[in-house]
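Subject: Structure handover

Hello,

Please find the structure below, with the sequence. My notes on what was found in it follow.

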Amino acid sequence: REMKPRASSVRDGKYAQISHDQEEQRTDSTVDNYGLDPVTEKTEKPHPARWLMLGIFGLVAQGNGMTFLAISSISGKAQDFYNVSESTVNLVVILFYAIYLPFMPLATWTVNLKDGLRGNVLVAAFVMALGCGIRAVAYNGSSASFNYYLLGTAICAVNGPFILSCFTLVPASWFPESERGMAVSIGVLANQM
């Protein structure tokens, strides 16, 4: 087949001709890859690492859900242990909602950058680990140590917008269209567990 010049591009300061076939290859992907290998229309076999990526994402999402609601189910025991009021214990859950709002625009913006999906998941995992480490300092049962628990919770709450903005992007980037609904469901359920 004869290669017909279609468009020009700048490479090393010189104009190079791009064939029609090369231009089609550049625009083949069905979704922006967000820094990862996309599933393309012509891909017959999905990427074998897609389940591993969903598993890693699911673990980070599950950690987000666990840090969010960890103390809610035992609020009575937490009141006795830390010697604080019920409203102070409920402040833990309110912190997640209060911090979610200002950080969601940032998370939405960063996920659309180059390597944004990867970056958001890494930021979420790092921030969650940091916050949980600070929460672990609150082990002695005094009302002063509850302040460390609140500080760690506030830091953990920052991960929420970064991980929640990725629920549909992981399946869109790694899964064929026939498996995306199931992959989104698994990611959302991991957050709720």
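Phe81, Tyr82, Phe146 and Tyr149 are linked into a cluster by ring pairs. Rings of Phe, Tyr and Trp (its six-membered ring) are taken to pair if their centres lie within 6.5 Å; planes under 30 degrees apart count as stacked, over 60 as edge-to-face and the rest as tilted. By that rule the structure holds five aromatic pairs. One of them joins Tyr82 and Tyr149: the ring centres are 6.1 Å apart and the planes stand at 45°, so this pair is tilted. It links distant parts of the chain, with Tyr82 in helix H3 and Tyr149 in helix H6, 67 residues apart. Helices here are DSSP runs (H or I, at least four residues), numbered from the N terminus. Both tyrosines, Tyr82 and Tyr149, are buried, where buried means under 20% relative accessible area, exposed over 50%, and partly exposed in between (1.4 Å probe, protein chains only).

Two notes on the basis of all this. The model is predicted, so local features need pLDDT of at least 70 and side-chain atom pairs count only at pLDDT 80 or more, while totals for chains, interfaces and linings use all residues. Residues are numbered from 1 along each chain as its sequence is written, and side-chain values use heavy atoms, with hydrogens and water left out.

Helix H3 (residues 75–82) has Ser75, Ala78 and Tyr82 buried. Seen down the axis of H3, its buried residues fall within an arc of 55° and so line one face of the helix; the arc is that of the directions from the helix axis to the C-beta atoms. Lys77 and Asp80 are exposed, on the face of H3 turned away from the buried side. The cover over the buried residues of H3 includes helix H4 (86–111) and helix H6 (143–164). Just after H3, Asn83 takes a positive phi of about 55°.

Tyr149 also touches Ala70, Ile71, Tyr82, Val92, Arg135 and Ala138, not counting residues up to four places away in sequence; a contact means heavy atoms within 4.5 Å. The backbone oxygen of Tyr149 lies 2.8 Å from a polar atom of the Thr153 side chain. Thr153, in helix H6, is buried, with a relative accessible area of 0%.

Glu179 forms it with Arg50, the closest N and O atoms being 2.8 Å apart. Glu179 is in helix H8 and Arg50 in helix H2, 129 residues apart, and both Glu179 and Arg50 are buried.

Lastly, Gln192 belongs to helix H8 (residues 177–192). Is Gln192 buried or exposed? Its relative accessibility is 57%, so Gln192 counts as exposed. Gln192 and Leu69 are 123 residues apart in sequence and 9.6 Å apart in space, C-alpha to C-alpha.

Regards

Key: Helices (H or I, at least four residues) and strands (E, at least two) are DSSP runs, numbered from the N terminus. A salt bridge is a side-chain nitrogen of Lys or Arg within 4 Å of a carboxyl oxygen of Asp or Glu. A polar contact is a pair of N or O atoms within 3.5 Å; within protein, one must be able to donate a hydrogen and the other to accept it, and residues adjacent in sequence count only if both atoms are side-chain atoms.
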